[in-house]
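Keep the 3D view open as you read.

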Amino acid sequence: FPVTITAGFAGKLNKGGDKDIDEVIDLLNFGYDTLTGKLAYQDHASLRKIRHGMNQIRTLSYIWNMGFSGFAAMMEFANVVLDSNFKTAVWKSMPYMKNVIGTMKSGRLKNDLMNELEELSGLGADVATGMRRNQFDPDSDLYFAKSVYNGWDKALNVGREKIGMWSGLVPVTATLRRLSNLYFALDFHDAALKFAKGKNVVPYARIKMEQLGISPEMTKRILGQINEHATVDGKRLKTLNSSKWTDKEAAQAFEDALFKNGVSNVQESFNGSTGPFVRSEMGKTIFQFMGYVLSSQEQQLQRYGARLANGDALKVTSILAGSYLFSTMGYIGRVHFNSMGMGDREREQFLEKRLSTQAILKGGLDMTGWLSFYSLMLNGLTGVVGKGDSQRIVNTPVLGLTSGIGNGTFKAFKDLVSDEEDMSDEQWRKVARATLGPLMRLPAIAPITNRLITEINE
């Protein structure tokens with residue numbers, strides 16, 4: 001095995017004909033290429049041009065489809081809160097809340113503990129720009145040569161950044177990441193205080209600790225380092241002082257676990273979360289947001305299933321039930337929000353269609369991240385909610401751009417120039433979508449447009 005790793009660092013491994021060994025070699029090469037950046041960079045100029053075009057399509061798709069994505073991101077709140085200890089979520093975290101929501105224009109948060117956790121996890125986000133500070137974004141495609149990067153790229157990336165902010169996706173995700181980090185640190189500190197009194201405690205169930213890569217022995221070492229180096233104000237944790245930990249293995253284990261916990265509770269897709277085609281340039285372009293849905297199987301559902309089957313049933317059951325309940329409430333709230341500004345009759349019809357018992361159950365399923373793959377399958381098989389009402393996040397860029405910009409725009413302006421009869425509110429709304437494009441999907445714009453259309457048609 002050491003020889004294999006050495007050969008991998010020297011370049012590509014050679015296959016030997018044994019199927020099982022060749023599969024392992026493929027995995028090692030894939031991991032090596034991911035770490036070194038080779039997976040993201042292609043040597044052939046012609047392929048780079050194709051990749052450049054695909055990147056532009058994905059960016060345009062993001063701008064067109066993600067205007068309401070911040071609302072969907074809020075559904076991860078239940079995962080973050082319910083996966084922590086109750087005392088931490090309800091009581092101990094309260095003094096830190098003002099530091100969870102805020103910008104990082106200076107590159108640092110005001111609270112030392114929150115800033116330390118941002119740096120340790122590598123999941124911090126500068127809300128002012130929408131860019132991560134430490135964690136490489138595999139879909140940002142910042143590896144194009146300067147000569148290839150043109151004015152269109154600049155305009156598209158600015159648009160992506162603005163939509164990320166205006167939709168709420170960037171600030172909501174950043175806030176939930178910080179909340180996840182905070183709960184994690186406070187849970188470990190609480191366990192460390194009990195450990196100092198001679199109690200044999202762990203922050204979480206054994207199976208979750210295993211998923212985080214922390215053994216019982218390593219848990220004791222981490223808790224010991226927290227007791228030795230953490231700075232407190234009374235019982236309130238001020239900072240972990242992780243940079244001063246003398247046990248560097250324990251420090252690294254805690255840092256890795258903090259990251260794993262953050263990307264599980266507030267899901268993030270990785271190269272290893274999906275199959276080779278889905279994570280390829282062509283696959284990312286065809287499926288794009290569907291890759292996120294597929295990743296939820298590995299990032300959340302399978303992890304919850306393993307915990308459920310290995311002694312953490314009570315906690316996992318509360319997470320699963322709570323997240324579905326929260327998502328169902330979110331769906332109902334979203335429907336009411338989208339109906340704001342409509343005329344009385346249209347609003348009544350809109351709500352009646354989307355708030356039936358069947359639609360509510362299905363809508364909650366749509367917005368529950370760890371069930372999103374099965375929701376996607378049911379949407380395709382049954383069409384319960386109806387065309388156009390399913391989550392835009394599971395549509396492919398090609399479908400979204402074709403129906404939205406092409407077919408949708410053509411139909412809207414066809415209705416506009418038609419002399420057959422007066423246009424309905426819905427027809428005017430199609431014209432607004434064609435004219436305003438992705439802006440119509442922003443939370444602040446839709447109710448205003450609805451009201452203007454109602455006034456025009458009256």
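A cavity here is a set of points, on a 1 Å grid over the protein atoms alone, where a 1.4 Å probe fits but cannot get out; lining residues have an atom within 4 Å of a point. Grid points are joined across faces, edges and corners, and a volume is the space filled by probe spheres set on the points. This is a predicted model, in which local features need pLDDT of at least 70, side-chain atom pairs count only at pLDDT 80 or more, and totals for chains, interfaces and linings use all residues. Residues are numbered from 1 along each chain as its sequence is written, and side-chain values use heavy atoms, with hydrogens and water left out.

The structure holds three cavities of 30 Å³ or more. The largest cavity has a volume of about 110 Å³. Its lining has 13 residues, and Asp 83, Gln 211, Ser 264, Arg 303 and Arg 307 are the closest to its centre. Helices are DSSP runs (H or I, at least four residues), as are strands (E, at least two), numbered from the N terminus. α10 (206-211), α12 and α15 (289-309) each give the lining at least two residues. α15 has the largest share, with five. By class, the lining has two nonpolar, six polar and five charged residues. In this scheme Ala, Val, Leu, Ile, Met, Phe, Trp, Tyr, Cys and Pro are nonpolar, Asp, Glu, Lys and Arg are charged, and the others, Gly among them, are polar.

Now turn to the rings. Rings of Phe, Tyr and Trp (its six-membered ring) pair if their centres lie within 6.5 Å; planes under 30 degrees apart are stacked, over 60 edge-to-face, and the rest tilted. By this rule there are nine aromatic pairs. Phe 68 and Phe 71 have ring centres 5.5 Å apart and planes at 35°, so this pair is tilted. Phe 184 and Phe 188 are also a tilted pair, 4.8 Å centre to centre with 40° between the planes. Both lie in helix α9 (residues 169-196), four residues apart, about one turn of the helix.

Are Phe 184 and Phe 188 buried or exposed? Buried means under 20% relative accessible area, exposed over 50%, and partly exposed in between (1.4 Å probe, protein chains only). Phe 184 is buried at 1%, and Phe 188 is buried at 0%. Phe 184 and Phe 188 form one aromatic cluster with Tyr 204, Trp 245 and Phe 254.

Definitions and conventions: On a 1 Å grid over the protein atoms alone, a cavity is a set of points where a 1.4 Å probe fits but cannot get out, and a pocket is an open set with protein on both sides within 12 Å along at least five of seven lines; lining residues have an atom within 4 Å of a point.
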